[in-house]
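Hi,

Here is the structure I said I would pass on.

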Amino acid sequence: MNNYYDLNLLNERYNLIKYTFSKEKIKHLESKDFKMGKLNGMFTFRYFKRKDLLLNGAIMYCYTYKIIDSDIDRYYFLDTWLIYSPLIKYRTTPQELSKIYDKLDTFVTTNKQMKYKKLINIITNPLSEPRFIALPKEIAGEEEIYLCYSQVNKSLNKDLDTGVNLILVNKSISKEIIYLSDEVLTLLKENANGN
């Protein structure tokens, strides 16, 4: 994503359109409109909070640093790992999150301290699913920055790539992060043009 949006404006527009979503549209955005999507994560707390997150989440930026299309489970999802911060500075300059990733990468390759073994294992293990793991001061300084995992429905985010992306997040509702779908972003753009 090279064009960055005014997040305040996007969130205002999202607040206008999200309540017009039909039950079917919400199921679609939750990835619960097909059998394998309904089964994906159904025994987790976050599964039952997706609708609430869709209706009460805030649009924010993240830096997606790894995407794996394992498709071994045939659920039609991508596994992604990302860095996210609620701080205002990252709302206006989201490309700065890539610098945090560079620090994270350096930290993993150079740090051998035992107290960080668990964190390094989470970062390097391809099967880890971190949910809001706060990054240590050696990486984030005094800033609130999180390492997160998210599954993405391929049909909702056809052009997802590493780098800066838009997400829906509300940590007080759920530790799940939902990437803003192509469809919702199109609706937000149309709303901006008065359509």
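Predicted model: local features only at pLDDT ≥ 70, side-chain atom pairs only at ≥ 80, totals over all residues.

Searching the whole structure for aromatic pairs gives 8 of them.

Next, the charged pairs. Side chains of opposite charge can pair when their charged atoms come close. Here the count comes to 7 salt bridges, and I'll go through some of them.

One of them joins E176 and R50, with 3.1 Å from N to O. E176 sits in the loop between β5 (163–169) and β6 (178–179) while R50 belongs to helix α4 (residues 50–56), so this pair ties together parts that are 126 residues apart in sequence. Are the two partners buried or exposed? E176 has a relative accessible area of 8%, so it counts as buried. R50 is buried as well, at 7% relative accessibility.

Another salt bridge runs between K32 and E30, where the closest N and O atoms are 3.4 Å apart. K32 counts as buried because its relative accessibility is 11%, under the 20% cut-off. E30 is buried too, with a relative accessible area of 7%.

Then there is the salt bridge between K137 and E142, at 3.9 Å from N to O. Where the two pairs above are buried, K137 and E142 are both exposed.

On to empty space inside the protein. Rolling a probe the size of a water molecule over the atoms shows where such space is left. How many cavities of 30 Å³ or more are there? The count comes to 1. The largest cavity has a volume of about 50 Å³. What lines the largest cavity? Its lining is made up of L29, L54, L156, L168, I178, Y179, L180, S181 and V184. By class that gives 8 nonpolar residues, 1 polar residue and no charged ones. If you want to find the spot on screen, I178 and Y179 are among the lining residues, and 178–179 is also the stretch that makes up β6.

S31 is not a glycine, yet it has a positive phi of about 65°. You'll find S31 in the loop between α2 (23–29) and α3 (35–39). With a relative accessibility of 6%, S31 counts as buried. F132 is not a glycine either, and its phi is positive too, at about 55°. F132 is in the loop between α7 (117–124) and β3 (133–134), and at 6% relative accessibility F132 counts as buried.

Last one: D182. This residue is found in helix α9 (residues 182–192). Its relative accessible area is 31%, so D182 is partly exposed. D182 and L160 are 22 residues apart in sequence, and in space they are 9.1 Å apart, C-alpha to C-alpha.

Cheers

How values were computed:
Residues numbered from 1 in each chain as written. Heavy atoms only, no water. Phe/Tyr/Trp six-rings, centres within 6.5 Å; stacked < 30°, edge-to-face > 60°. Salt bridge = Lys/Arg side-chain N within 4 Å of Asp/Glu carboxyl O. Buried < 20%, exposed > 50% of the residue type's maximum accessible area, 1.4 Å probe, protein only. Helix = DSSP H or I, 4+ residues; strand = E, 2+ residues; numbered from the N terminus. 1 Å grid on protein atoms, 1.4 Å probe; cavity = no way out; pocket = protein on both sides within 12 Å on 5 of 7 lines; lining within 4 Å. Points joined across faces, edges and corners; volume = space filled by probe spheres on them. Nonpolar A, V, L, I, M, F, W, Y, C, P; charged D, E, K, R; others polar.
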